[in-house]
Amino acid sequence: MFVAFSQLPFLPFIHAVLEYKKGPGPAWVITLVTLWSVVWFLAQVEAVKFRPIELSSDYLKYRFGLSWTADIPISNIKAARTVGVGESLSGNDLFLSPMGSAKNIILEFDAPIRFSGPYLMKRREKKAAISLDNPSAFLDELALRGVATS
């Protein structure tokens with residue numbers, strides 16, 4: 001949260017300099033965009049808390065705040081495992097949970113799963129690396145639903 005609020009003390013100075021150099025229009029555009037980014041950041045933080053990843057009997061509902069979502073049928077999850085120590089993950093061959101989270105579970109799917117992101121972005125991947133608070137309990141629950149885990 002500090003990151004969001006750290007922009008605010010400098011905003012009047014930036015606004016004044018832009019207004020002097022470029023006029024009031026650009027100054028107000030930058031001011032409004034900065035304020036919007038602070039609001040968006042705070043909304044993202046709250047959404048991460050209030051829109052968790054959910055596991056039901058039929059679906060894994062992947063949510064990462066306001067950014068990425070996917071409804072993954074349990075029947076499409078081929079395997080699930082923990083990320084190995086020192087294992088390097090690349091976004092080229094799998095869906096990576098957004099930055100700022102330690103990826104600790106890798107899911108493999110029968111067919112590509114569609115992940116919906118910000119600005120109408122879409123990705124279809126056969127693997128995903130996600131971040132969970134309790135990966136061992138998650139793997140136990142998937143095993144109860146018939147998914148191969150390791």
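Leaving aside residues up to four places away in sequence, K78 touches E108, F109, D110, V147 and A148, where a contact means heavy atoms within 4.5 Å. Before going further, please keep in mind that this is a predicted model, in which local features need pLDDT of at least 70 and side-chain atom pairs count only at pLDDT 80 or more, while totals for chains, interfaces and linings use all residues. Residues are numbered from 1 along each chain as its sequence is written, and side-chain values use heavy atoms, with hydrogens and water left out.

K78 sits in strand β4; strands (E, at least two residues) and helices (H or I, at least four) are DSSP runs, numbered from the N terminus. With a relative accessible area of 46%, K78 is partly exposed; that class lies between buried, under 20%, and exposed, over 50%, using a 1.4 Å probe and protein chains only. A111 is 33 residues from K78 along the chain, yet their C-alpha atoms are separated by 9.1 Å.

Strand β4 (residues 77-82) runs antiparallel to strand β6 (residues 105-116), and five bridges join them; two strands pair if DSSP finds at least two bridges between them. In this pairing, R81 stands opposite I106 in β6. On the question of which way side chains point, in a regular strand they alternate between the two faces of the sheet.

Follow the chain onward and β6 finds another partner. Eight bridges link β6 to strand β7 (residues 122-130), again in an antiparallel arrangement, and F115 has R123 in β7 as its bridge partner. The two strands β6 and β7 form a hairpin with five residues between them. Y119 belongs to this loop and has a positive phi of about 55 degrees although it is not a glycine. L120 lies in the loop between β6 and β7 too, and its positive phi is about 65 degrees, although L120 is not a glycine either. Y119 is exposed, at 78% relative accessible area, and L120 also counts as exposed, at 76%.

Now for the wider picture. The protein has four helices and eight strands, and from the N terminus on the elements run α-α-α-β-β-β-β-β-β-β-α-β. Its radius of gyration is 20 Å, well over the 15 Å that the globule rule gives for 150 residues, so the protein is more spread out than a compact globule; the radius is taken over C-alpha atoms, and the rule is 2.2 Å times the number of residues to the power 0.38. Along the principal axes, the C-alpha atoms fill a box of roughly 65 × 30 × 25 Å. Of the 150 residues, 31% are buried. Among contacts with a separation of 6 or more, 54% are between residues 24 or more positions apart.

P12 is in helix α2 (residues 11-22) and is exposed, with a relative accessible area of 55%. Its C-alpha atom is 8.3 Å from that of T31, although P12 and T31 are 19 residues apart in sequence.
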